[in-house]
Amino acid sequence: MFKKIAYGLLVLVIIVSLLVTSGLSYLLFTNYDNLGRLIKTYTLIKAQALEPISNDELILGAMEGMINALEDPYSVYLDEATYENLQERMRGTYGGVGLLITKDKDGKLVVVSPFRGTPAHREGIVSGDLITKINGQSTDEMDLEMAASLMQGEPGTDVVIITFRENRGEKEIKITREVITIPSVDGSIITEAPDIAYISLTMFNENTASELSRFLMELKGEGYKGLVLDLRNNPGGNLNAAVEVADFFIPEGPVVHIVSKYGSNSFKAAGPPINVPMVVLVNSGSASASEIVAGAIQDTGVGILVGEKTFGKGLVQTIFPIGEKAALKLTTAKYLTPNKQDINEKGIEPDVEVIVTPEELMNALIEAPNPKDDPQLQKAIELLRQKIQ
């Protein structure tokens, strides 16, 4: 027992030594009492706690405690499985149900957006639904990455979630996981309006810009005179992908301003942009990278935003690998639109508001582009008609 305690104390001494040798001696000396309490707590747990616990578990608990102290739902420790799942999602392919989730201001697990055509989307889960349980586990104290990891798994296996929606109450939903391959771009000429092109972005990943370029080249031969860019229920993704996408549409100048504790940096478009009238469709499921693109288009005046207020996630996370198989996802910056608007927890107001029910939106997106059953798309076509006639 005493050998184990001595080993653990040695680990703590090494950590303290690293603080000193890495130029953080000020932190050591100004927190002498707290560090002393840390060592005493460790010693008491190892010597007196009824249940045994390993040094690895204690150190991991200390790490998670530091992250929790940030009170930031987007900052989290990623173990091996969770880190691998996150990397798969950013590559655009993983086994799961097809949901992007976040925590609301009360700490509840809420759906930002279901990916179109995925099992979750087909089961009728919509933006704003609360997830109260996953496979019988309450989500009250569950972090985002753990929740995402529980919903992911081998294709063909089931996961049971309980959702809550105002005016409907709780609903238990069993979903069979599938391989979620998300082509991030789709596009076509609108049959009912053959001089207007429709481009839908479902997320922003490593391939989005190249996919968008290909679709725009294909549609160019159709001679369209106006463009609808659909960002509804697009939960975001890669920051660089958002900047590359905005570069297709806005003139030379800033796309987004990134502000961190060390200063600010601006990502800029090179131009020239596509020179056709443009409408962007947004809603409460348009988040993060989607808001970067929508905000840039609105601020530069190259397009009109139609729909509902966006989600309001104006924070940037950076992934820091820790060792070979784990990582820390940490909020490191916030972003501002080209006109330096901070939209975090505020969202972006559309230029033209068109409200639809969750059921109307789900039906519209399943068959998009379908102006007949999509009031927001109808309004977009009407506005474009005024500009191209």
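A residue counts as buried when its relative accessible area is under 20%, and as exposed when that area is over 50%. The model described here is predicted.

**Helix α10**

By that cut-off, 11 of the 12 residues of α10 are buried, and the helix is mostly covered. The buried residues are A289, S290, E291, I292, V293, A294, G295, A296, I297, Q298 and D299. They pack against the helix α9 (239–246) and against several strands, including β12 (226–230), β13 (253–260) and β15 (278–282). β16 (304–307) and β18 (326–336) are also among the elements that the buried residues of α10 pack against.

α10 itself runs over residues 289–300. The distance from its first C-alpha to its last is 17 Å, close to the 16 Å expected at 1.5 Å a residue. Just after the helix, G301 has a positive phi of about 75 degrees.

**Aromatic rings**

How many aromatic pairs does the structure hold? It holds 1 aromatic pair. The pair is formed by F248 and F249, and it counts as tilted because the planes of the rings are at 50 degrees, with the centres 6.3 Å apart. F249 is buried, with a relative accessible area of 2%, whereas F248 is partly exposed at 23%.

| Charged residue | Ring | Distance to ring centre |
|---|---|---|
| R214 | F215 | 4.8 Å |
| K313 | Y74 | 4.7 Å |

R214 lies over the face of F215, and the charged end of K313 is placed over the ring of Y74.

Key
Residues numbered from 1 in each chain as written. Predicted model: local features only at pLDDT ≥ 70, side-chain atom pairs only at ≥ 80, totals over all residues. Heavy atoms only, no water. Helix = DSSP H or I, 4+ residues; strand = E, 2+ residues; numbered from the N terminus. Expected span 1.5 Å × (residues − 1). Buried < 20%, exposed > 50% of the residue type's maximum accessible area, 1.4 Å probe, protein only. Contact = heavy atoms within 4.5 Å. Phe/Tyr/Trp six-rings, centres within 6.5 Å; stacked < 30°, edge-to-face > 60°. Lys NZ or Arg CZ within 6 Å of the ring centre and 35° of its normal.
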